[in-house]
Amino acid sequence: VVQIEACPRPSSCAGDSNCFPGATGFMCTACASGYYTHSNGACAKCTDGMVTMFWIFITIAFVGVIAAVVGAVLAASSSMAPAVVVGSEEAWARSRVPRAFSTGLLFAQVLAVVAQTALVWPTPMRETLESLAMLNFSLAYVGGECVLLSFTTTYKFTVVAPGALIVLTALVAPLLKLCTSRVPSVGLVLERVVFSAGPVLYIASSHAALQLFDCSRLPTGDYVLDADLGFKCFTPQWLALLPWALVAVFVYVVGLPAFMALSLYRARHRLASPDVRARYGLLYRLYKPVFYQFEVLLLFKRLAIVMAVMFFSRIVVWLMTTLVGVFSVFAAVQLKYAPFVADVYNVLETRLNVALLIILSIGAAFWANDFPDDGSYATFAVLGMAVIVVSFVLILHVALRELAWSRRHSFRAVAEA
């Protein structure tokens with residue numbers, strides 16, 4: 001009896017049980033020596049350029065982390081200063097750095113995650129979405145396995161990397177404290193770094209932690225990782241990584257939302273006091289008082305997206321149901337409750353949720369591939385790119401509005417002084 005199965009790596013199977021160069025093993029699931037698993041799932045060849053790109057990526061990330069830590073230390077010093085002037089409620093409820101920047105980064109991260117599913121995209125959209133994988137700090141996009149040589153090492157590196165932010169903060173804060181007495185305690189600085197960087201890194205860190213549990217069954221009965229089809233689940237090698245995964249899940253996936261929620265809950269009756277605003281204002285400043293935990297709720301939204309994409313990546317019906325449900329619910333919440341104090345943020349979040357729903361629908365349409373003619377295909381392809389471009393234009397527009405508002409408010413404050 002001949003059993004026909006879909007190729008787990010469609011770009012690796014040449015037909016007649018043969019593999020294209022770079023893929024090997026049963027059903028072409030493993031990448032040959034000198035190749036690595038790209039973020040799009042294909043086996044890509046390791047080149048000198050990829051190795052260089054990897055180290056450039058790591059260097060930029062390291063410099064960015066150092067800058068973020070120093071910035072967080074200085075921001076903590078400023079916010080904890082006794083002479084700080086809060087100003088009007090409207091001014092305090094707006095982000096010091098344009099909120100649109102972090103919103104745009106998170107929007108791009110969600111697009112990059114969605115691109116890893118079984119949904120199909122026309123070439124321009126696919127290349128655009130795959131390029132955004134770097135914003136999720138994906139080592140697969142820059143050939144991490146070409147340098148780290150194995151999935152085992154790459155996985156350890158990926159789950160440890162976010163923790164490096166805490167270690168660097170613990171090292172930099174005491175050094176800056178020697179230079180100036182304005183730097184608060186190391187604990188408060190660490191807290192500030194977690195509150196500022198944690199939400200931005202949550203998609204990347206939770207994806208890294210959970211990917212060890214994302215296994216698919218082959219016709220042989222073996223289970224392999226979706227992240228690397230050449231790595232078998234429930235083997236001694238997989239079990240050796242399990243403690244790393246459990247710690248990462250506890251610290252990143254569960255620990256960050258729990259820490260943020262508990263910190264806010266303990267201070268819930270004193271949210272208007274200057275000391276609580278200085279310490280925890282980063283988490284609730286943008287939201288109306290009744291929605292002071294909304295930043296934590298947004299973390300659960302990102303977790304739901306990551307889990308849907310990982311565990312339903314090949315089950316399009318459940319994938320679409322879950323993602324459409326998540327984006328629809330949050331769009332409805334934005335429309336009905338408007339949780340942000342500044343309405344410009346409510347409008348932007350609603351529009352981006354709608355944009356994600358449209359992009360998902362376009363991906364499902366190309367997956368179904370039931371276009372009556374080439375004109376219909378081209379129309380949907382152009383529409384998809386237009387939605388992506390318009391979304392980032394909206395984000396940039398809001399960022400410019402925020403900068404203009406901050407400038408006017410600064411001039412007004414100087415004039416009143």
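A disulfide is a pair of cysteine sulfur atoms within 2.5 Å. In this predicted model, cysteine 19 and cysteine 28 meet that cut-off, with their sulfur atoms 2.0 Å apart. The torsion about their S-S bond is about -95°, so this disulfide is left-handed. Cysteine 19 is partly exposed, at a relative accessible area of 28%. Cysteine 28 is buried, at 3%.

The structure holds 3 disulfides. Another of them is formed by cysteine 31 and cysteine 43, whose sulfur atoms lie 2.1 Å apart. The link is left-handed, with -90° about the S-S bond. Cysteine 31 belongs to strand 4, residues 30-31. Cysteine 43 belongs to strand 6, residues 43-45. The pair thus links distant parts of the chain, 12 residues apart. Cysteine 43 is buried, with a relative accessible area of 14%.

A further disulfide joins cysteine 215 to cysteine 233, with an S to S distance of 2.0 Å. Its torsion is about -100°, so the bond between cysteine 215 and cysteine 233 is left-handed. Cysteine 215 lies in strand 7, which spans residues 215-217. Cysteine 233 sits in the loop between strand 8 and helix 8. The pair therefore ties together parts that are 18 residues apart in sequence. Cysteine 233 is buried, with a relative accessible area of 5%.

Aromatic contacts were examined next. A pair of aromatic rings is described by the distance of the centres and the angle of the planes. The structure holds 20 aromatic pairs. One of them is formed by phenylalanine 151 and phenylalanine 231. Their centres are 5.0 Å apart, and their planes make an angle of 50°. This pair is tilted, because stacked pairs need planes under 30 degrees apart and edge-to-face pairs over 60. Phenylalanine 151 lies in helix 6, residues 151-179. Phenylalanine 231 lies in the loop between strand 8 (223-225) and helix 8 (236-266). The pair therefore ties together parts that are 80 residues apart in sequence. Phenylalanine 151 is buried, with a relative accessible area of 8%. Phenylalanine 231 also counts as buried, at 10% relative accessibility.

Phenylalanine 195 and phenylalanine 259 form another aromatic pair. Here the rings are stacked, 5.5 Å centre to centre, with 25° between the planes. Distant parts of the chain are linked again. Phenylalanine 195 lies in helix 7, residues 186-210. At 3% relative accessibility, phenylalanine 195 counts as buried. Phenylalanine 259 is partly exposed, with a relative accessible area of 35%.

Ring pairs also build a cluster. Its members are Tyr287, Phe291, Phe294, Tyr337, Phe340 and Tyr345. A charged group meets a ring elsewhere in the model. The charged end of arginine 268 sits over the ring of tyrosine 265. The distance from that charged end to the ring centre of tyrosine 265 is 3.8 Å.

Note on methods
Residues numbered from 1 in each chain as written. Predicted model: local features only at pLDDT ≥ 70, side-chain atom pairs only at ≥ 80, totals over all residues. Heavy atoms only, no water. Phe/Tyr/Trp six-rings, centres within 6.5 Å; stacked < 30°, edge-to-face > 60°. Helix = DSSP H or I, 4+ residues; strand = E, 2+ residues; numbered from the N terminus. Buried < 20%, exposed > 50% of the residue type's maximum accessible area, 1.4 Å probe, protein only. Lys NZ or Arg CZ within 6 Å of the ring centre and 35° of its normal.
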